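Work through the exercises below with the structure open. Each one has a task and a stepwise solution.

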Amino acid sequence: MNLAPLFTPVRMGDLELPNRIAMAPLTRMRADNPGHVPTDVQAAYYAQRAAAGVIVGEATAVSPDGFGWHDTPGLWSAEQVAGWQRVTEAVHGAGSRMIAQLWHTGSISHPDLRAGALPVSASAVDPVQRSVTAAGRVPTVTPREMSLAEIRRTVADYAQAARNAIAAGFDGVQILANFLYLPAQFLNRATNRRTDAYGGSIENRARLTLEIVDAVVSAVGPQRTGVKLSPMHESGPFQADDETLPAAEYVVSRLTGLSHLLLMGAQTDFTGTPLAGLSGDAMFAHFRPLFDGTLIANTRMTGERGARLIETGLADVIAFGRPFIANPDLPARLAAGAPLAEIDWSTVYAAGPAGYTDYPVFAAPEPAPVRG
Ligand SMILES: Cc1cc2nc3c(=O)[nH]c(=O)nc-3n(C[C@H](O)[C@H](O)[C@H](O)COP(=O)(O)O)c2cc1C
């Protein structure tokens, strides 16, 4: 199939992308230092992937309170800003653009990551997941319900992290509002039992996400602000219910004038769940009319599927996550129809350059020597 639609330029917010291939955000746990400062190996890793039209950086904690995954970076200290500056310089030097993903883990954090303090969330509900601590994956605990003052401070933390991102040379920011993290913990009925303005109705449960968006927009401008959000069917209390889709629709329809929406298609089998109608490309068809910015479609993409989504108008940009891990030159491989390398999962969440910056670019096999 003709993949040309993937290789045409497109505007995303105030950025001109030379192609429609985005690198999806990928946590890789290489910020292995007590200050949560991005490291030089991260700069090298992202620069290797600069053929992407835009790179969305790995989830990055907005504050010490939002930190909740061992060896991941932050964006609240001067040291972290300086570390990210080295990363964005490397990416810009290699010719791409890079966006910071803003993260608050809420109840996915763990006392072992917080000097013994309980993690915070919408309500005191154990998310029944795994926290990633220095000792490995351990069961989550029951978090502490956030006070209204803490909610206000958290919203301000996002705005400050967005300012820090721009100071660090990022070309924009993306608010991580899906999976199991703080905005999702507020949006999801099973993890939000509040009776104040942040709980109860969909409007109230969405309030935190929309306040974060407003604060970030005020800090860095709508054309540099995007959101990652999708209705999901996950484990524990995050299983989709009859309000999961209406809640996602409500939030997306209020994201007006923003740079982009990174929308994940089904990652799990939606059969028999309230999201059954959103399998395959139906996710993109459903949300496309609700969002007025650049729509980035993600999850299990191939070159063919991405080109088709662009050609049929269901997406503007295609984000590849896992394929970028083992294929630093993914756009060139797609263009050439070259085979994709497989991921070595043992080094995905590991330390140092092995399995991180040592995946080779594609080399066409030498033609067999002609024997005379
Ligand atoms: C190793 C790994 C780390 C990930 N880290 C993040 C992350 O930091 N932030 C995020 O929003 N999504 C994260 N994701 C999800 C990806 O961004 C993407 O949405 C998902 O992998 C589906 O895209 P794919 O099928 O192209 O891999 C991660 C996925 C993987 C496999």
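**Exercise 1.** In this predicted model, decide why strand β5 (residues 98-103) is largely enclosed by the rest of the structure.

*Solution.* 
- Step 1. Apply the cut-off: a residue is buried if 20 or more other C-beta atoms lie within 10 Å of its own.
- Step 2. Six of the six residues in β5 are buried, so the strand is largely enclosed by the rest of the structure.
- Step 3. Sort the side chains by direction. M98, A100 and L102 point one way from β5. I99, Q101 and W103 point the other way. Residues of both sets are buried.

**Exercise 2.** Find how β5 pairs with strand β4 (residues 54-61), and trace the chain between them.

*Solution.* 
- Step 1. β4 and β5 run parallel and are joined by five bridges.
- Step 2. Take V56 as an example. The bridge partner of V56 in β5 is I99.
- Step 3. Follow the chain. It leaves β4, passes through helix α2 (residues 78-93) and reaches β5. This β-α-β crossover is right-handed.

**Exercise 3.** Describe the pairing of β5 with strand β10 (residues 173-176).

*Solution.* 
- Step 1. Three bridges link β5 and β10, in the parallel sense.

**Exercise 4.** Characterise the shell around the ligand.

*Solution.* 
- Step 1. Count: 19 residues surround the ligand. The closest are A24, P25, A59, G321 and R322.
- Step 2. Assign elements. Those giving two or more residues to the shell are β4 and α10 (322-326).
- Step 3. Split by class: the shell has 10 nonpolar, five polar and four charged residues.

Notes
Residues numbered from 1 in each chain as written. Predicted model: local features only at pLDDT ≥ 70, side-chain atom pairs only at ≥ 80, totals over all residues. Buried ≥ 20, exposed ≤ 12 C-beta atoms within 10 Å, placed from the backbone. Helix = DSSP H or I, 4+ residues; strand = E, 2+ residues; numbered from the N terminus. Pairing = 2+ DSSP bridges. Right-handed = clockwise from strand over helix to strand, strands pointing away. Near = placed C-beta within 6 Å. Nonpolar A, V, L, I, M, F, W, Y, C, P; charged D, E, K, R; others polar.
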